[in-house]
Amino acid sequence: MGKFQIEQCGQIEGLYLIQPTVFGDNRGYFMETYNYNEFKELGLDMVFVQDNQSKSTKGVLRGMHYQKEHTQGKLVRVISGKVYDVVVDIRKDSKTYGQWYGATLSAEEKNMMYVPEGFAHGFYVLSDTAEFLYKCTDFYDPSSEAGIMWNDPTIRIDWPIPEGETPIISEKDTKHPNFSSAIYL
Ligand SMILES: Cc1cn([C@H]2C[C@H](O)[C@@H](COP(=O)(O)OP(=O)(O)O[C@H]3O[C@@H](C)C(=O)[C@@H](O)[C@H]3O)O2)c(=O)[nH]c1=O
């Protein structure tokens, strides 16, 4: 019995929710959050070369990001707070091309998502603050940074944004093209 339970997200091939085994005792808890061999056994044979961490306040939306070259697979999780994590399948030859998938990730649940290469990724912060941690299979490459608008009219992501509120986004994230003119992977 491995230390990670994985479940494919809907029909989307290669996209997984991962639940680590948590060992609790009178001191607190311990868990492995990544293990090369265990992941390989589960069919997730990848090498991570960069770890990222960000902190955001409630109502922040970061996304929908991808790199045109040096595409990144990402193992994402939340170490404080709660977010709604979203991906869009932009793999040209995928059966689920153009479809989005969302899941709530939280520090309390300790759940993670593995987002393979070929997806645009973003998240919306549900808690007062959220710290987001992720491992990437390729390096950050500013020259191939790309994105799709978070509220793209074709993809129609159902973000859990309260009625009448507008998410807090970076200037860069106001300027992404729509899905119809994005560069697909
Ligand atoms: C992503 C990234 C940014 N930076 C720098 C560039 C910039 O000055 C500052 C903030 O960058 P951004 O505004 O792009 O950060 P952010 O909007 O948090 O970008 C991230 O969003 C999530 C949803 C993802 O999926 C990530 O891959 C990444 O695109 O950090 C790096 O040095 N290395 C990196 O890997």
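# A chat about sheets, core and ligand shell

Biologist: Which strands supply at least two residues each to the shell around the ligand?
Modeller: Strand S5 (50-57), S6 and S11 each do. Keep in mind that this is a predicted model.

Biologist: And which residues surround the ligand?
Modeller: Asn-52, Ser-54, Arg-62, Gly-63, His-65, His-121, Gly-122, Phe-123, Tyr-140, Ser-170 and Lys-172.

Biologist: How does that shell split by class?
Modeller: It has 2 nonpolar, 7 polar and 2 charged residues.

Biologist: Let's do the sheets. What is the strand order in the open sheet of 6 strands?
Modeller: The order is S1-S2-S10-S7-S12-S5, and the pairing is antiparallel.

Biologist: Why is one side of S1 and of S5 left without a neighbour there?
Modeller: Strand S1 (4-8) and S5 stand at the edges with a single partner strand each, so one side of each has no neighbour in the sheet.

Biologist: By how much are neighbouring strands of this sheet turned against each other?
Modeller: By 25° on average, ignoring direction.

Biologist: What about S10? How many bridges join S7 to S10?
Modeller: There are 4, and the two strands run antiparallel. Val-76 has Met-113 as its bridge partner in S10. Leu-75 has Tyr-114.

Biologist: And how many bridges do S2 and S10 pair over?
Modeller: They pair over 3 bridges, in the antiparallel sense. Tyr-16 has Tyr-114 as its bridge partner in S10.

Biologist: Are the two faces of S10 covered or open?
Modeller: Both are covered. Met-112 and Tyr-114 lie on one side, Met-113 and Val-115 on the other, and all are buried.

Biologist: Now the sheet of 5 strands. What is its order?
Modeller: S9-S8-S11-S6-S13, an open sheet with antiparallel pairing. S9 and S13 are the edge strands, and each pairs on one side only. Neighbouring strands here are turned by 30° against each other on average, direction ignored.

Biologist: How many bridges join S6 to S11?
Modeller: There are 3, with the strands running antiparallel. Leu-61 stands opposite Tyr-124 in S11.

Biologist: S6 again. Which peptide bond is cis, the one from Gly-63 to Met-64 or another?
Modeller: The bond from Gly-63 to Met-64 is cis, with omega near -10°. Met-64 is found in strand S6. In general, most peptide bonds are trans.

Biologist: On to the core. Which members of the largest nonpolar core touch the most other members?
Modeller: Val-76, Val-83, Val-87, Val-88 and Ala-120, out of 39 residues. The strands that each supply at least two residues of this core include strand S6 (61-67), strand S7 (74-80), strand S8 (82-89) and strand S11 (119-125).

Biologist: Take Val-83. What is in contact with it, leaving aside neighbours within four places in sequence?
Modeller: Val-78, Leu-105, Phe-123, Tyr-124, Val-125, Leu-126, Ala-130 and Phe-132. Phe-123 also belongs to the shell around the ligand.

Biologist: Change of topic. Where is Phe-139 found?
Modeller: In the loop between S12 and strand S13 (145-147).

Biologist: What is Phe-139 in contact with, beyond its neighbours within four places in sequence?
Modeller: Val-49, Gln-50 and His-70. Phe-139 and His-70 are 69 residues apart in sequence, but 7.1 Å apart in space, C-alpha to C-alpha.

Biologist: Where does His-70 sit?
Modeller: In the loop between S6 and S7. His-70 counts as partly exposed, with 14 C-beta neighbours inside 10 Å. Its phi is near 50°, a positive value in a residue other than glycine.

Biologist: Last one. Which strand holds Gln-19?
Modeller: Strand S2. Gln-19 counts as partly exposed, with 15 C-beta neighbours inside 10 Å. Leaving aside neighbours within four places in sequence, Gln-19 is in contact with Phe-4, Gln-5 and Asn-111.

Conventions
Residues numbered from 1 in each chain as written. Predicted model: local features only at pLDDT ≥ 70, side-chain atom pairs only at ≥ 80, totals over all residues. Core = buried A, V, L, I, M, F, W, Y, C linked by C-beta atoms within 7 Å. Buried ≥ 20, exposed ≤ 12 C-beta atoms within 10 Å, placed from the backbone. Contact = placed C-beta atoms within 7 Å. Near = placed C-beta within 6 Å. Nonpolar A, V, L, I, M, F, W, Y, C, P; charged D, E, K, R; others polar. Pairing = 2+ DSSP bridges. Axes fitted to C-alpha atoms, helices over the stretch in contact; angles between N-to-C directions.
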